[in-house]
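Biologist: Let us go through this model term by term. I will ask what each label rests on.

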Amino acid sequence: MTLTCIAVDDEPLALKLVTHFIEQTPFLQLVGTYSSAVAALRGLQQQSTPVDLLFLDIQMPDLNGLELARVLDRGPGGNAPRVVFTTAFNHYALEGYKVDALDYLLKPFTYEEFLRAAQKAQTYAALKQSATSSVPNAPSVPAPAAAVEEDYLYLKVEYQLVRVPYQDILYVEGLKDYVKVHRRSEARPLLSLLSLKALEERLPARQFMRIHRSYIVGLQHITAIGRGTVQIGAETIPVSDGYREAFDQFISRWK
C-alpha cells in the first residue's frame, strides 16, 4: 500500500532530510513540501486527492504545527492526513497526544526511527481499509488508534529477546548505556543494553512520560503526586525541572 504524504518544516535542512527519507521509502509518495503551516494548509485544500500522511514540524511562525493539526478535520468522513510530528522539543509530546498524532519524532532522528513511524502509518492505513471494505457501503471512518498500536515491545536481555507488555512496565531507570525496566509482574527488573532516549522513542507517549533525565514512568501506575515527585508503589521518583512543564500539563487535567 502506497501512502501519499507531505512534509512541513521551516528549517531548510530539516525539510531536506525528511524529504530524502520519504523519497527512499518505497511505500511513501511525496506530493508536496512546505516551509510553513499556512502554505501546507493551502496546499492540502488544493490537493485533488486526499493526503494520507503529514510529517509536520511544530515550532513555526504564524501557524504552528499543533495549531494546524487542530484545524484539520478528523471527524467521521473527514479526509485529513494522519500526523507524525517532527520537533526538537520533547515537551510537546502531551499536546501531540491530544491531537491524536500517529507518532512523535524528536530531532535529530535517524532513518530507522523515521521508517518505524512510516510503517506505523502504513499499518493504520491497511487496517482502516480492511475495516471499511469488510462492510458494504461503509463510510470512511478512521479506525481507533488503539487498534493499530502494539501493546508490547521486545527488549534484548543478555542473549535473548524478552517480550514486555506496556501495561507491565511500572517505570524505567536509565543507567548510562543501560536501562533498568521495573515491572509489575516481577520483582527483579530487566537490564537491557539500550539508552533511555532510545527506549523513550519506542514507548507510546500516551502511556509513558519522561519526568527526569534518568526516569520514564508508566502514567497508569502513578499512585500519588507530591511536590516534585511521583509515587509508584513504594518507589518515590523525582520530577526534574527540564520535564516539569510537560508533567504539570498532564496532571492539570485531573485537578
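Biologist: Which residues are exposed on the other side of helix 2?

Modeller: Gln-45 and Gln-46. Exposed means over 50% relative accessible area, buried under 20%, partly exposed in between (1.4 Å probe, protein chains only). This is a predicted model: local features need pLDDT of at least 70, side-chain atom pairs count only at pLDDT 80 or more, and totals for chains, interfaces and linings use all residues. Residues are numbered from 1 along each chain as its sequence is written, and side-chain values use heavy atoms, without hydrogens and water.

Biologist: What makes the buried residues of helix 2 line one face?

Modeller: The buried residues are Ala-37, Ala-40, Gly-43 and Leu-44. Seen down the axis, they fall within an arc of 115 degrees, so they line one face of helix 2. The arc is taken from the directions from the helix axis to the C-beta atoms. Helices (H or I, at least four residues) and strands (E, at least two) are DSSP runs, numbered from the N terminus.

Biologist: What covers those buried residues of helix 2?

Modeller: The cover includes strand 1 (3-8), strand 2 (28-34) and helix 3 (65-71). Contact means heavy atoms within 4.5 Å.

Biologist: Which residues touch the most other members of the largest nonpolar core?

Modeller: Ile-6, Val-8, Leu-54, Leu-56, Leu-68 and Phe-85, out of 22 residues. A nonpolar core is a set of buried Ala, Val, Leu, Ile, Met, Phe, Trp, Tyr and Cys residues joined through side-chain atoms within 4.5 Å. Apart from this core lies another, of 21 residues, Leu-3 and Phe-114 among them.
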